[in-house]
Amino acid sequence: GDPTPVSVISYANADGRQSPGAGDTVSGGGASATTTAAGTATLSFPSVGTFTLTATGPHAVTSEPHTICVHDGNDGNCGTTPAPGTPPPTTPSAPSPPATPAPDKTAPRGHFAIAEGTRIGHGKGPRTLVGHVDPDPSGIRDVLLRVTRVVTHGRCEAYSAVRRRFSTARCGVASAPSFSVGSKPTFSYLLPSRLAKGRYTVDVEAVDGAGNHDAPAPARNRIVFRVE
């Protein structure tokens, strides 16, 4: 806390003569000051300890380091003898490293826009499949859809994004191939035509950046509806 005078000497002359280091910055130990035309400056150190001072200036190399020891009366620092009963000097501890965040083990939650059990009139079946995924701390890596259709009892179809059509398949949404609709929080997929008459099941499987997969949940990301 006490003002401490310092000076800087320059050897910028061709013959090696000394001259005041004017306009140089002297810093160290949390203190910094710029020298005057006479090459002098005053520093005030905010804490006790042993610090290294250096001087820097335009068109000049950094000075040799200079060590200074700062103490607070007879506190035991810098060779001082502490008064009886004075606790020994303490060395500031290094800051604790930042805590490592716990791994994300929670799956993202996807939603389909059509409500469970919805009945849609003939000729009004949706052509665009729409939904969203709740915010996830690891971000969204992919959103996958599976679409199946029960045409009549025992006759089922599954939609293929590669063929862009429904084809005969075993009944059950697990038999349908999945296809990606991107990695945005909201998604939409345009079908070749409106959904025809039948009982449909749509699965929305979201995958986050940590690799967690959303499990099927009826009425949320596994929706059954009818086009009549």
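Predicted model: local features only at pLDDT ≥ 70, side-chain atom pairs only at ≥ 80, totals over all residues.
Four strands make up an open sheet, and their order across it is 5-4-7-8, with antiparallel pairing. Strand 5, residues 31-34, and strand 8, residues 66-70, stand at the edges, and because each has a single partner strand, one side of each is left without a neighbour in the sheet. From one strand to the next, the twist averages 20°. For those who are new to this, strands of a sheet pair through backbone hydrogen bonds, and the pairing can be parallel or antiparallel. Within this sheet, strand 4, which covers residues 25-28, is joined antiparallel to strand 7, residues 49-56, by three bridges, and if you look for Ser-27, you will find that its bridge partner in strand 7 is Thr-54.

Strand 7 brings me to the pockets. The largest pocket has a volume of about 590 Å³, and of the 25 residues that line it, the closest to its centre are Val-8, Ile-9, Asp-24, Ala-55 and Ser-63. Which strand gives the most to this lining? That is strand 7, with four residues, while strand 1 (3-7) and strand 2 (9-10) are also among the strands that supply at least two residues each. Sorted by class, the lining of the largest pocket holds 13 nonpolar, ten polar and two charged residues.

The second largest pocket has a volume of about 250 Å³; 13 residues line it, and the closest to its centre are Gly-1, Asp-2, Thr-4, Val-70 and His-71. By class, the lining of the second largest pocket consists of six nonpolar, five polar and two charged residues.

Finally, please turn to strand 13, residues 155-160. Five of the six residues of strand 13 are buried, so this strand is largely enclosed by the rest of the structure. Strand 13 pairs with strand 12, residues 140-152, in the antiparallel sense over four bridges, and Arg-149 has Glu-157 as its bridge partner in strand 13. The hairpin of these two strands has two residues between the strands, and in it Gly-154 takes a positive phi near 85°. Strand 13 is also joined to strand 14, residues 165-169, by five bridges, and these two run antiparallel, with Cys-156 standing opposite Ala-169 in strand 14. In the hairpin of strand 13 and strand 14, which has four residues between the strands, the positive phi, near 60°, belongs to Arg-164.

Conventions:
Residues numbered from 1 in each chain as written. Heavy atoms only, no water. Pairing = 2+ DSSP bridges. Axes fitted to C-alpha atoms, helices over the stretch in contact; angles between N-to-C directions. 1 Å grid on protein atoms, 1.4 Å probe; cavity = no way out; pocket = protein on both sides within 12 Å on 5 of 7 lines; lining within 4 Å. Points joined across faces, edges and corners; volume = space filled by probe spheres on them. Nonpolar A, V, L, I, M, F, W, Y, C, P; charged D, E, K, R; others polar. Buried < 20%, exposed > 50% of the residue type's maximum accessible area, 1.4 Å probe, protein only.
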